[in-house]
Structure formats: structure tokens, C-alpha cells
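Open the structure in your viewer and keep the selection tool at hand. The stops below go one at a time.

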Amino acid sequence: MRSLEQGSLTAIGVISGTSMDGIDVSVVTSDGRDAVSFGAGASYPYRDSTRRDLQALIADADRASAEPLVELEAAVTADHLAAIERFIADHGLDKAAIDLVGLHGQTVYHRPQRRFTRQMIDGPAVAAALGIPTIDRFRYADVAAGGEGAPFAPLYHRALAQGMEQPVMVLNLGGVGNVTYIDGEAVVAFDTGPASAILDDFVLRRLGRPYDADGALAAGGKVHDDLVSGFMANPFFDRPAPKSLDRNDFHRRAQVVEPLSDADGAATLAAFTIESLVAALRHVPRVPRRWLVGGGGRLNRHFMARLAQRLGVPVEPVEAAGWDGDALEAQTFAYLAIRSVKGLPLSLPGTTGVPEPLTGGRLNRPDQAR
Ligand SMILES: Nc1ncnc2c1ncn2[C@@H]1O[C@H](COP(=O)(O)OP(=O)(O)OP(=O)(O)O)[C@@H](O)[C@H]1O
Ligand SMILES: CC(=O)N[C@H]1[C@@H]2OC[C@@H](O2)[C@@H](O)[C@@H]1O[C@H](C)C(=O)O
């Protein structure tokens with residue numbers, strides 16, 4: 001096996017986000033610093049039974065935090081393994097050329113204030129099955145040291161943003177929104193508020209659809225400004241960075257749109273997300289000249305147009321900078337796996353609030369006794 005400590009490495013990165021819409025896989029070659037190149041990305045669904053069991057679990061915080069959940073972890077791990085095997089086959093990769101696999105796993109519980117976070121995945125089992133070392137438990141050391149345990153994408157964003165006009169804001173519009181502000185070596189990152197999750201849940205309840213395609217429903221509705229002001233009165237938005245959220249943190253508050261029509265409810269929830277993003281400007285040193293947007297929410301034309309209007313600077317999908325928006329999070333955990341084996345920090349005081357720059361991740365070698 002090649003030494004993992006020195007030179008450039010090639011890693012596969014794997015993550016399933018909070019919306020559980022698929023297991024994302026991508027591949028990165030990097031020295032763990034600013035030299036980065038990435039290959040294709042792909043997404044593979046969970047088996048229906050795995051997704052159903054995970055959704056039930058996430059709705060039950062007591063079980064998610066305390067129970068061993070051996071069977072479910074085995075199912076999640078099997079689905080991840082199948083996704084990696086398919087990715088390798090679909091893209092004609094040579095297994096022998098893959099030095100590492102970075103496994104984020106499925107977040108089922110995240111309470112940094114209790115110094116506890118849980119990403120379900122059996123890293124040693126994946127290492128043994130593939131014959132490739134894996135890294136898992138990326139967020140554990142950070143949370144144990146008093147960090148927020150998220151976001152972890154910022155150091156990868158900084159590596160990609162080298163040479164670009166700055167300050168630049170990278171926004172991930174997933175279930176939850178999170179931003180990375182980059183100005184040279186300076187990085188500030190935090191979760192902004194709910195993003196797609198509240199609108200997704202509303203559209204599912206009202207219309208049985210998984211999301212508001214293109215933001216068409218929201219675009220046709222009337223925003224109820226009084227409700228938006230009510231949302232924005234939440235002290236979360238004034239809290240300085242770092243700060244992080246759980247997918248369901250704003251669910252109860254989002255229910256105030258229940259009396260509204262489908263279109264007005266969607267428009268009002270979308271406006272809440274937009275205002276929570278504008279509020280991010282309160283917590284960065286200089287006004288970003290450009291926003292680059294990743295995550296599925298960049299496909300919501302209503303979000304993108306309204307945000308550009310409110311910010312008065314270009315708001316573009318990350319593809320405008322030559323990045324791959326669908327694969328960015330998977331690439332992040334490939335890049336961080338490489339940093340992990342090199343002992344480099346995965347998080348900083350400005351990204352998760354950890355007291356000192358901190359490395360992390362657990363290395364699982366295929367030949368390791370289990
Ligand atoms: N064509 C589209 N129009 C509008 N919204 C879309 C479209 N495609 C995807 N989305 C939104 O993107 C969401 C999925 O985004 P993404 O895959 O980035 O989330 P995630 O990675 O699961 O979340 P997180 O980043 O919080 O873990 C969908 O739930 C939906 O709201
Ligand atoms: C605990 C956890 O899994 N958090 C995710 C989630 O999805 C988006 C947002 O909430 C972000 O904080 C994080 O993921 C990205 C990849 C991150 O750590 O940068």
C-alpha cells in the first residue's frame with residue numbers, strides 16, 4: 001500500500017445529505033492543500049426500505065441518539081458500498097489507483113451543544129469490503145472539542161476558490177442553508193437557516209410533490225411579510241458565527257403558513273429562506289462581490305432570482321466557476337479524507353468554532369482486525 005502521508009492522493013468521497021435523496025459519490029486528487037482536481041460525480045438512491053427506516057429514525061431523536069441500531073447501520077453501509085462499487089464500475093476507475101475512501105455517512109442526530117453528533121456508517125466494514133482504507137467519523141473530534149461539528153465544506157471551498165475574485169460567498173442550498181465566506185486565507189462559515197427543507201415539507205403535505213420544481217409555486221404566490229418578520233425575529237439570525245442547525249429546527253415555526261393558500265404559503269416560506277440568507281451579511285467582514293450557489297436549491301429559479309435582487313451582486317450556480325454543484329459535498333469528503341491522513345485541520349475556529357484548528361476522522365485500514 002502507498003504511503004498516505006506524502007504527496008498527492010486520489011480519494012473517493014461519499015455523502016448522503018439530510019434530504020436522503022441519494023448517496024453522492026465523487027473522486028478528487030489532491031495534495032490536501034490547494035492543488036485539487038476532481039472527476040465525475042454520481043448519485044445512487046438508497047433502497048426504499050433503508051430510506052423509510054432512516055426517515056422514521058430521524059423523527060425519533062431519542063432512538064437516533066441512544067440506540068445501537070446495528071441492523072439499520074448495516075443497511076446504510078450496504079447501500080453505500082453498492083453505490084461506491086457502481087461508481088467505480090460506471091466510471092471505469094481502477095480500484096488500485098484509489099488511495100482512500102472518505103465516508104461521511106448519514107447524519108441521524110446532531111446536537112453539538114451536547115457534544116454529540118452521529119453519522120451512521122460502518123467505515124471498517126467498507127474498508128474490508130473494498131480493500132481500500134476508509135476515513136469516517138469526520139465530525140466527531142470537532143464536536144468533542146466543543147465545535148459545532150458543521151459546516152465542513154469550507155476548507156474545500158477555500159481550496160477551490162484560490163485565484164478567484166474575492167471576497168466570495170459560497171452558498172449551499174440544501175435542506176439547511178450554509179455559507180462559506182472566503183477572502184484570501186480568511187474563512188468564515190456557518191449555517192444560515194432553513195433552506196429547501198421547509199418548502200419541501202410544505203409542498204409534500206399540500207401537493208404530494210417532493211419539492212417546488214423551479215420554484216414555480218412560490219413564484220406565483222404572495223409573500224405575507226408579517227409572517228416573514230415573525231420568522232426573522234428568531235435570535236438565531238443575530239447570533240454570530242459559528243452556528244449550525246438541524247434539518248427540523250425551524251419546522252414548528254414554519255407551520256404559521258398553514259392558513260395560507262398553497263402558492264402564498266410557498267412564497268412566504270421561500271421569502272423566509274431568502275431573508276435568512278440576506279441576514280448572513282451581518283456576520284461577514286466585507287460584502288462579498290459574488291455569490292456561488294451549490295446544492296439542489298440552485299435549481300430553484302425563484303430562489304436564485306430573488307436572492308440576486310435582494311443582494312444586488314451576481315448570484316450564480318457554482319458551475320459558473322467551473323465547479324460541479326451536484327458533487328461538491330461528495331468531493332468535500334474526498335478532500336477532507338486526504339487532509340485527515342496528512343494530519344491537516346478539517347475545521348477552524350472560523351468554521352465550526354472549535355478552539356484551535358483541528359484535524360479529525362477515523363482511519364480504517366482494510367487489514368485491520370475488527
Ligand atoms: N429542479 C428543482 N427545482 C427546485 N428545487 C429543487 C430542484 N431540484 C432540487 N431541488 C431542491 O434541492 C433539494 C435537494 O438539495 P440537496 O441535494 O443539496 O440537499 P441535501 O444535500 O440533501 O441537503 P443538505 O445539504 O442540507 O444535507 C430538494 O429537496 C429540493 O428542495
Ligand atoms: C451535521 C450535518 O450533517 N450537517 C450537514 C447538513 O447539510 C447541510 C448543512 O447541514 C451542513 O451543516 C452539513 O453538511 C455539509 C456538507 C458541511 O458540513 O459542510
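This is a predicted model. Colour the protein chain by pLDDT: the average is 94, and 99% of the residues score at least 70. For the complex, the predictor gives an ipTM of 0.92 and a pTM of 0.91.

**Stop 1: a pair of helices**

Select residues 196–207, which form helix 7, and residues 262–278, which form helix 11. Their axes come within 9 Å and cross at roughly 170°. Angles over 145 degrees count as roughly antiparallel, so helix 7 is roughly antiparallel to helix 11.

Now show the side chains where the two helices meet. Helix 7 contributes Ile-198, Leu-199, Phe-202, Val-203, Arg-206 and Leu-207. From helix 11 come Asp-262, Gly-265, Ala-266, Leu-269 and Ala-270. By class, this contact has eight nonpolar residues, one polar residue and two charged residues.

**Stop 2**

Next, find the open sheet of five strands, ordered 9-8-7-10-11 with mixed pairing. Select 186–194 for strand 9 and 315–317 for strand 11; these are the edge strands, and each pairs on one side only. On average, neighbouring strands in this sheet are turned by 25° against each other, direction ignored.

**Stop 3**

Which residue of strand 11 is the bridge partner of Val-293? Select Pro-317 to see that partner.

**Stop 4: a helix across the strands**

Finally, select residues 301–311, helix 12. Helix 12 lies across strand 7 (168–173), strand 10 and strand 11. Relative to strand 11, helix 12 runs at about 150°.

How values were computed
Residues are numbered from 1 along each chain as its sequence is written. Chains are lettered from A and ligands numbered from 1 in the order in which they are written. This is a predicted model: local features need pLDDT of at least 70, side-chain atom pairs count only at pLDDT 80 or more; totals for chains, interfaces and linings use all residues. pLDDT is the predictor's confidence in each residue, from 0 to 100. Axes are lines fitted to C-alpha atoms, for helices over the stretch in contact, and angles run from 0 to 180 degrees between N-to-C directions. Helices (H or I, at least four residues) and strands (E, at least two) are DSSP runs, numbered from the N terminus. Angles under 35 degrees count as roughly parallel, over 145 as roughly antiparallel, 65 to 115 as roughly perpendicular and the rest as oblique. Two residues are in contact if their C-beta atoms, placed from the backbone, lie within 7 Å. Ala, Val, Leu, Ile, Met, Phe, Trp, Tyr, Cys and Pro count as nonpolar, Asp, Glu, Lys and Arg as charged, and the others, Gly among them, as polar. Two strands pair if DSSP finds at least two bridges between them.
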